[in-house]
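This briefing covers the pockets, the cavity and a metal site of the structure shown below.

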Amino acid sequence: MRAEVHQVADGTYLVHGHHVNWVILKDGDALTLVDTGYPGDREGLLASLAQVGGSPEAVAAVLITHAHNDHLGSAEYLRARHGTPVYLHPAEVPHARRDFLQQATIGDVLRNAWRPGVVPWARHVIQVGGTRHNPVTAPEPFPGFPGEGPLEVPGRPVPVHTPGHTDGHCVYHLPSAGIVISGDALVSGHATSRIQGPQILHGFFHHERDRVVASLDVIGALDGDTLLPGHGPVHRGPVRAAAEQARERAS
Ligand SMILES: [Zn+2]
Ligand SMILES: [Zn+2]
């Protein structure tokens, strides 16, 4: 499947792969990639870079929201092949190395197989390498951490720690564009969800669901009117209202 590239702002692109999104930030010829899809999304990922006039060599940094396989898919490929640094929150670095795994198990999925959409989704996950052992061998904490403010990479995103889905989950804020790249802390749809619009994923996807709900307050405090989630379409509207709606639906 080809990846579907949507330009959402100047130099900002949301890309839909196989049931998961990634974001390309472009500054001149240099790119930052936020998340990398499933391992099986590689072809689509490379095509999306070409579609915005880039290439894997032009990717100055890979930022990861969290180290689940649907976001980490080609991070090691880019690091090993092109020397691209792969940055995460310090708490997420050992997760990316697979020192431990905070991901729904086969048992979790089976217990939730009665939910609409879960069985076809799980079949798909296996096809695109979602259950593969796919660590990053040398992930790095954000440079300069715990400094406040933007990372010195193309697009100058500001990482914001939003733990719960995993310990080191981060969203990335683009303050001047009013954009929040929200990963799996706040989504607008999912193959296993029957509702559309701002929401959190089913409980079995989260390491600590209570902290996911608490992190919605952190996201809601960010100034913005465009949400680029890890799953689902772009959501336009105040980020504060999106976070509130997800919180109401979660309770
Ligand atoms: Zn996830
Ligand atoms: Zn995900």
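H2, helix H5 (106-111) and helix H6 (118-127) each supply at least two residues of the lining of the largest pocket. Helices are DSSP runs of H or I with at least four residues, strands are runs of E with at least two, and both are numbered from the N terminus. This is a predicted model, in which local features need pLDDT of at least 70, side-chain atom pairs count only at pLDDT 80 or more, and totals for chains, interfaces and linings use all residues. Residues are numbered from 1 along each chain as its sequence is written, chains are lettered from A and ligands numbered from 1 in the order in which they are written, and side-chain values use heavy atoms, with hydrogens and water left out.

**Largest pocket**
- H6 contributes the most to this lining, with six residues.
- The largest pocket has a volume of about 550 Å³ (the space filled by probe spheres set on grid points joined across faces, edges and corners).
- Its lining has 29 residues, and Gln103, Ala104, Val125, Gly130 and Thr131 lie nearest the centre.
- On a 1 Å grid over the protein atoms alone, a pocket is an open set of points with protein on both sides within 12 Å along at least five of seven lines; a cavity is a set where a 1.4 Å probe fits but cannot get out; lining residues have an atom within 4 Å of a point.
- By class, the lining residues of the largest pocket are 15 nonpolar, 10 polar and four charged (Ala, Val, Leu, Ile, Met, Phe, Trp, Tyr, Cys and Pro count as nonpolar, Asp, Glu, Lys and Arg as charged, the others, Gly among them, as polar).

**Largest cavity**
- The whole structure holds one cavity of 30 Å³ or more, and the largest cavity has a volume of about 40 Å³.
- Strand S3 (21-27), strand S10 (179-183) and S11 are the elements giving two or more residues to its lining; S3 gives the most, with three.

**Zinc ion (ligand 2)**
- Asp70 (OD), His71 (NE2), Asp184 (OD) and His231 (NE2) coordinate this ion at 2.1 to 2.2 Å (donors are N, O and S atoms within 2.8 Å of the metal, or 3.2 Å for Na, K and Ca; water is not among the atoms, so sites may look incomplete).
- Asp184 bridges the zinc ion (ligand 2) and the zinc ion (ligand 1), which lie 3.5 Å apart.
- His71 and His231 are buried (under 20% relative accessible area, with a 1.4 Å probe and protein chains only).

Note on methods:
Buried means under 20% relative accessible area, exposed over 50%, partly exposed in between (1.4 Å probe, protein chains only).
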